[in-house]
Amino acid sequence: MDDRQQYQKRMEERINSLGRRIDELLSQAEASARRECQQLPDRLKTARVKLDELGRESEEAWRDLRPGLEKAWGELRQAVRQASSRFRSSQQAGEPDP
């Protein structure tokens, strides 16, 4: 497997994993956290679009797309971490559901 295929497979696994985590967060989130979590599917879609672009490009061009995918991945990962952290914090504080 070449670098491009390995990278594409690794990113696909990461994005899919975060997609499952987003679904989990949305199902568990309280109303206040739910608003924050609702932006996550859009970020996930952006990362998947970038991944699809990577798969369609030539061997030479995929390296040019990599920074955009890395940026989308980083933003998605950070947003999921923040939402997860807020969800854990509200659960620990025992905040009631509004």
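Buried residues are those under 20% relative accessible area, exposed residues are over 50%, and partly exposed residues lie in between (1.4 Å probe, protein chains only). Of the 98 residues of the protein, 31% count as buried. This is a predicted model, in which local features need pLDDT of at least 70, side-chain atom pairs count only at pLDDT 80 or more, and totals for chains, interfaces and linings use all residues. Residues are numbered from 1 along each chain as its sequence is written, and side-chain values use heavy atoms, with hydrogens and water left out.

**View 1. Overall arrangement of the helices.** The protein has 4 helices and 0 strands, and its elements run α-α-α-α from the N terminus on. Helices (H or I, at least four residues) and strands (E, at least two) are DSSP runs, numbered from the N terminus. Among contacts (heavy atoms within 4.5 Å) between residues at least 6 apart in sequence, 76% join residues at least 24 apart. The accessible surface comes to about 6300 Å², and carbon and sulfur atoms hold 43% of that area. Accessible areas come from the Shrake-Rupley method with a 1.4 Å probe; for residues, only the protein chains shown count as cover.

**View 2. The largest nonpolar core.** A nonpolar core is a set of buried Ala, Val, Leu, Ile, Met, Phe, Trp, Tyr and Cys residues joined through side-chain atoms within 4.5 Å. The largest such core has 21 residues, and those with the most contacts inside it are Ile15, Ile22, Leu40, Leu69, Leu76 and Val80. Two or more residues each come from helix H1 (3–28), helix H3 (40–56) and helix H4 (62–93). H4 gives the most, with 8 residues. In soluble globular proteins, nonpolar side chains tend to be buried together.

View 3. Apart from neighbours within four places in sequence, Val80 is in contact with Leu18, Arg21, Ile22, Leu25 and Leu40. Ser84 lies in helix H4 and is buried, with a relative accessible area of 5%. With neighbours within four places again left aside, Ser84 is in contact with Arg21 and Leu25.

**View 4. Packing of H1 against H3.** The axes of H1 and H3 come within 10 Å and cross at roughly 165 degrees. Axes are lines fitted to C-alpha atoms, for helices over the stretch in contact, and angles run from 0 to 180 degrees between N-to-C directions. Angles over 145 degrees count as roughly antiparallel, under 35 as roughly parallel, 65 to 115 as roughly perpendicular and the rest as oblique; H1 and H3 are therefore roughly antiparallel to each other. Residues making the contact include Tyr7, Met11, Ile15 and Gly19 of H1, and Pro41, Leu44, Ala47 and Leu51 of H3.

**View 5. Gln8 in the H1 helix.** Gln8 lies in helix H1 and is partly exposed, with a relative accessible area of 23%. Not counting residues up to four places away in sequence, Gln8 touches Leu51, Leu54 and Gly55. The C-alpha atoms of Gln8 and Asp52 are separated by 9.2 Å, although these residues are 44 residues apart along the chain.

**View 6. Arg34 in the H2 helix.** Arg34 is found in helix H2 (residues 31–37) and is partly exposed, with a relative accessible area of 32%. A separation of 8.9 Å lies between the C-alpha atoms of Arg34 and Ala83, which are 49 residues apart along the chain.
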